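Me: I'd like to go through the side-chain contacts in this one. Can we take it question by question?

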Amino acid sequence: MSLQVYIDGKLLPKEEAKISVFDHGLLYGDGVFEGIRVYGKKVFLMQEHIDRLYESALAIRLEIPLSKEEMIKAVNETVAANGIEDGYVRLVITRGAGSLGLDIRRTSNPQVIIIADNISLYDPQLYVDGLKIITAATIRNHPAALSSRVKSLNYLNNILAKIEGTDAGCIEALMLNHKGEVAECTGDNIFIIKNGVLKTPPVDAGILEGITRNAVIKLAEESGIKVEQSPFTRHDIFVADECFLTGSAAEVIPVVALDGREIGTGKPGPITKDLNEKFKQLTRS
């Protein structure tokens with residue numbers, strides 16, 4: 001059976017899932033989205049993702065044509081229609097079709113698009129061996145220009161940094177902010193561990209406040225690990241004992257080298273492994 005895609009209140013075969021070429025989501029990247037995991041047929045941290053989606057939409061003055069309760073129902077129906085047991089949901093809200101030009105008053109009928117499918121972001125062996133990453137020359141957007149807390153359809157900033165990473169033979173790249181401080185990677189939040197303290201950049205460093213990031217912070221605190229959300233630089237990663245990334249698609253994945261410098265022992269560390277295991281347990285709870 002063909003993949004069923006939810007568009008504008010209907011489930012359609014993916015071959016028939018279409019929106020207007022005049023939709024401002026396509027023309028200008030004008031819209032918001034969420035990437036959500038499914039574990040054991042259950043959508044993981046659904047409420048947190050839906051809340052962030054509506055906050056992103058509010059920030060760009062995009063009115064979503066469904067209530068939160070209706071959206072949750074639509075996501076669950078799409079997951080069930082595709083028989084997803086362990087997979088991924090891409091939930092997209094576009095501004096809708098309009099005339100050429102930037103005026104949002106000339107758009108109508110915002111589109112709700114829900115795709116539920118299987119996903120494998122990284123090779124399973126990388127969760128055992130760890131990632132080697134580089135620092136991209138492309139920095140995160142200045143937060144005064146476009147808030148990184150808005151998960152918008154315009155991901156060109158991240159894509160350009162991703163290109164730098166893949167050109168260097170790495171599948172992920174670190175991005176700094178306008179101050180030269182560590183922000184996040186192209187699709188994941190970053191954590192380091194030094195002397196038993198877990199550190200991650202604060203929201204005002206120009207990062208997306210990741211749902212998985214927040215879940216891991218909570219798991220760490222419940223385990224008695226001290227957590228600091230404070231600015232740090234590449235040097236702090238070079239001299240860290242451990243490093244890992246978090247994201248809805250990536251989950252928790254270790255990083256063992258940055259810019260040719262081994263981090264710690266050059267292998268995934270014990271705290272990273274422990275938090276990874278705790279996160280896996282959380283996804284099945």
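Me: Which residue forms a salt bridge with K226?
Reply: First, the ground rules: this is a predicted model, where local features need pLDDT of at least 70, side-chain atom pairs count only at pLDDT 80 or more, and totals for chains, interfaces and linings use all residues. Residues are numbered from 1 along each chain as its sequence is written, and side-chain values use heavy atoms, with hydrogens and water left out. A salt bridge here is a side-chain nitrogen of Lys or Arg within 4 Å of a carboxyl oxygen of Asp or Glu. For K226, the closest N and O atoms are 3.5 Å apart, and the partner is E228.

Me: How many salt bridges does a search of the whole structure find?
Reply: The K226 and E228 pair is a salt bridge, and so is D51 with K68, at 2.9 Å between the closest N and O atoms. Searching the whole structure brings the count to eleven.

Me: Is R284 buried or exposed?
Reply: R284 forms a salt bridge with D86, the closest N and O atoms being 2.9 Å apart. Buried means under 20% relative accessible area, exposed over 50%, partly exposed in between (1.4 Å probe, protein chains only). D86, at 35%, is partly exposed. With 52% relative accessibility, R284 counts as exposed.

Me: What kind of aromatic pair do F33 and Y155 form?
Reply: Rings of Phe, Tyr and Trp (its six-membered ring) pair if their centres lie within 6.5 Å; planes under 30 degrees apart are stacked, over 60 edge-to-face, the rest tilted. There are five aromatic pairs by that rule. F33 and Y155 sit 5.3 Å centre to centre with 70° between the planes, making the pair edge-to-face.

Me: Over the face of which residue does R261 lie?
Reply: A charge sits over a ring if NZ of Lys or CZ of Arg is within 6 Å of the ring centre and within 35 degrees of the ring normal. R261 lies at 4.2 Å from the ring centre, over the face of F238.
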